[in-house]
Amino acid sequence: QVQLVESGGGLVPAGGSLRLSCAASGRTFSSYTMGWFRRAPGKEREFVGGVSWSDGNTYYVDSVKGRFTISRDNAKNTVYLQMNSLKPEDTAVYYCAAKTGTYTGTYNYWGQGTQVTVSS
């Protein structure tokens with residue numbers, strides 16, 4: 001079992017930055033691929049990016065490439081989402097999630113989400 005708790009959301013002007021954190025419980029954190037998702041108002045949940053457990057490779061949806069960076073600190077059981085050059089369309093509830101295997105497929109564990117609001 002893995003429990004995930006996100007933090008770091010808030011209100012930021014367009015062009016600003018935020019760093020989200022996702023703290024995980026469990027001693028096998030390093031064996032999980034971690035993903036970040038978001039759900040904007042009136043839209044379906046969207047995969048933002050992920051970081052592989054095996055090689056640390058990262059993957060991003062095209063709309064955030066070059067602006068968002070995912071990293072993980074296995075010693076702290078934490079994964080981060082650094083968001084730069086934020087746009088109003090990045091406004092959403094952001095969730096972290098964990099799964100075994102690659103970053104594609106079904107994620108088994110989810111955090112409660114943290115709100116990110118980007119003002120224009």
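Q: In this predicted model, how far does the backbone oxygen of alanine 92 lie from a polar atom of the side chain of glutamine 115?
A: Glutamine 115 belongs to strand E11, which covers residues 114-119, and, with its neighbours within four places in sequence left aside, the residues in contact with glutamine 115 include Thr91, Ala92 and Val93. Between the backbone oxygen of alanine 92 and a polar atom of the glutamine 115 side chain, the distance is 3.4 Å.

Q: Is glutamine 115 buried, partly exposed or exposed?
A: The label "buried" applies under 20% relative accessible area and "exposed" over 50%, with "partly exposed" in between. Because the relative accessibility of glutamine 115 is 39%, this residue counts as partly exposed.

Q: Which side chain of opposite charge is nearest to arginine 72?
A: Arginine 72, found in strand E7 (residues 68-73), is buried yet has no salt bridge. A salt bridge would need a side-chain nitrogen of Lys or Arg within 4 Å of a carboxyl oxygen of Asp or Glu. The nearest side chain of opposite charge is 8.3 Å away, and it belongs to aspartate 55.

Q: With which side chain does the side chain of arginine 72 make a polar contact?
A: The side chain of arginine 72 reaches the backbone oxygen of phenylalanine 29 at 3.0 Å, and Phe29 is also one of the residues in contact with arginine 72 when neighbours within four places in sequence are left aside, among them Ser30, Tyr32 and Trp53. The polar contact from side chain to side chain, at 2.9 Å, is made with asparagine 74.

Methods: Residues are numbered from 1 along each chain as its sequence is written. This is a predicted model: local features need pLDDT of at least 70, side-chain atom pairs count only at pLDDT 80 or more; totals for chains, interfaces and linings use all residues. Side-chain values use heavy atoms; hydrogens and water are left out. Helices (H or I, at least four residues) and strands (E, at least two) are DSSP runs, numbered from the N terminus. Buried means under 20% relative accessible area, exposed over 50%, partly exposed in between (1.4 Å probe, protein chains only). Contact means heavy atoms within 4.5 Å. A polar contact is a pair of N or O atoms within 3.5 Å; within protein, one must be able to donate a hydrogen and the other to accept it, and residues adjacent in sequence count only if both atoms are side-chain atoms. Lys and Arg count as positive and Asp and Glu as negative; His and the chain ends are not counted.
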